[in-house]
Amino acid sequence: AGDERDDRMTFVQSLLQPFTLPYGAWVGFRSWAYTKGIFRPRQLDGTVISVGNLTTGGTGKTPMVCWLAQKLLAEGKRVGILTRGYRGRPADAATNGEHSRNLTSDEVEMLKARLGDQVLFGVGADRFHSGQELVKQGVQWFVLDDGFQRLQLARDVNIVLIDATNPFGGGKLLPTGRLREPKSALARADVVVITRGRRAPAVEAGIRRASPAPIVYA
């Protein structure tokens, strides 16, 4: 049964491979264009801390976002969280716009339950627009959820989470593998956090080949 599953997976990957090539080309061009200033990120009036990863699936971003918000609150900061909101929905029937702090999701509701009403949320695909709305309410510190690939918004710090149990998604880009970007994208990271592990020398070595950023564990 295991061999049959492996054969099916190999067959599916071979079918998806042609789609990986144009995806990889676009990802590479987009990153290069932002690096060279051809595309320019928009800047919010505040400090932006991005929390993201290289792969699809969970790496512990939501707990990290929550922890950062709590730390900033403890320092007396006015904090906002910017998030796409997985399967986002209106918080009430009166909400019609796509980009509104009145949008919500299961993840957002969980964070609200943990953080209370001291933290404001901007939920929507356009993080810059959401952030501008929060600036009007006095927010000066932003935690950008799932932000590593959201190059449209400038950030002051890039925190990248790597799952020690499956760090690089098999080493293949979407849709063949689980990588959103190649490992070389870690060059943009300011801090790399290895989650679900206490010590992973092989993972550290893979990170070090792409980035000199400090590595910590969580």
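Helices and strands are DSSP runs, numbered from the N terminus, a helix having at least four residues and a strand at least two. In this predicted model, such numbering places aspartate 146 in the loop between β6 and β7. The briefing below begins with the sheet, continues with the helices, and ends with individual residues.

**The sheet**

- Seven strands make up an open sheet, and their order is β5-β2-β6-β1-β7-β8-β9 with parallel pairing.
- At the edges stand β5 (120–123) and β9 (215–217), each of which pairs on one side only.
- From one strand to the next, the twist averages 20°.
- Within the sheet, β1 (residues 47–53) and β7 (residues 157–163) are joined in the parallel sense over five bridges.
- Serine 50 has asparagine 158, a residue of β7, as its bridge partner.

**Helices on the sheet**

- Helix α2 (residues 61–74) lies across β1, β2 (79–83), β6 (141–145), β7 and β8 (191–195).
- The direction of helix α2 is at about 160° to that of β1.
- Helix α3 (residues 106–115) also packs on the sheet, where it touches β2, β5 and β6.
- The angle between the directions of helix α3 and β5 is about 170°.

**Asparagine 158 in strand β7**

- Asparagine 158 belongs to strand β7.
- This residue counts as buried because its relative accessibility is 6%, and buried means under 20%.
- When neighbours within four places in sequence are left aside, asparagine 158 is in contact with Ser50, Phe148, Arg188, Ala189, Asp190 and Val191.
- Among these contacts is Ser50, the residue with which asparagine 158 forms a bridge pair.

- Tryptophan 67 is part of helix α2.
- Its relative accessibility is 45%, so tryptophan 67 counts as partly exposed, a class that lies between under 20% and over 50%.
- Tryptophan 67 and arginine 114 are 47 residues apart in sequence, and their C-alpha atoms are 9.9 Å apart in space.
- Phenylalanine 29 is located in helix α1 (residues 2–36).
- With a relative accessible area of 37%, phenylalanine 29 is likewise partly exposed.
- Together with Trp26, Trp32 and Ile38, Phe29 makes a nonpolar surface patch of about 440 Å².

**Backbone features in the loops**

- Where is proline 175 found? Proline 175 is in the loop between β7 and β8.
- The peptide bond that leads from leucine 174 to proline 175 is cis, and its omega is near -5°.
- Aspartate 146 has a positive phi of about 55°, although this residue is not a glycine.
- Is aspartate 146 buried or exposed? Aspartate 146 is buried, because its relative accessible area is 13% and the cut-off for buried is under 20%.
- Arginine 196 also has a positive phi, near 55°, and is a residue other than glycine.
- The loop that holds arginine 196 runs between β8 and α5 (201–208).
- Arginine 196 counts as partly exposed, at 47% relative accessibility.

Key. Residues are numbered from 1 along each chain as its sequence is written. This is a predicted model: local features need pLDDT of at least 70, side-chain atom pairs count only at pLDDT 80 or more; totals for chains, interfaces and linings use all residues. Side-chain values use heavy atoms; hydrogens and water are left out. Two strands pair if DSSP finds at least two bridges between them. Axes are lines fitted to C-alpha atoms, for helices over the stretch in contact, and angles run from 0 to 180 degrees between N-to-C directions. Contact means heavy atoms within 4.5 Å. Buried means under 20% relative accessible area, exposed over 50%, partly exposed in between (1.4 Å probe, protein chains only). Patches are made of residues with over 30% relative accessible area and no salt bridge: like charges are joined within 9 Å, nonpolar side chains (Val, Leu, Ile, Met, Phe, Trp, Tyr) within 5 Å. Accessible areas come from the Shrake-Rupley method with a 1.4 Å probe; for residues, only the protein chains shown count as cover. A salt bridge is a side-chain nitrogen of Lys or Arg within 4 Å of a carboxyl oxygen of Asp or Glu.
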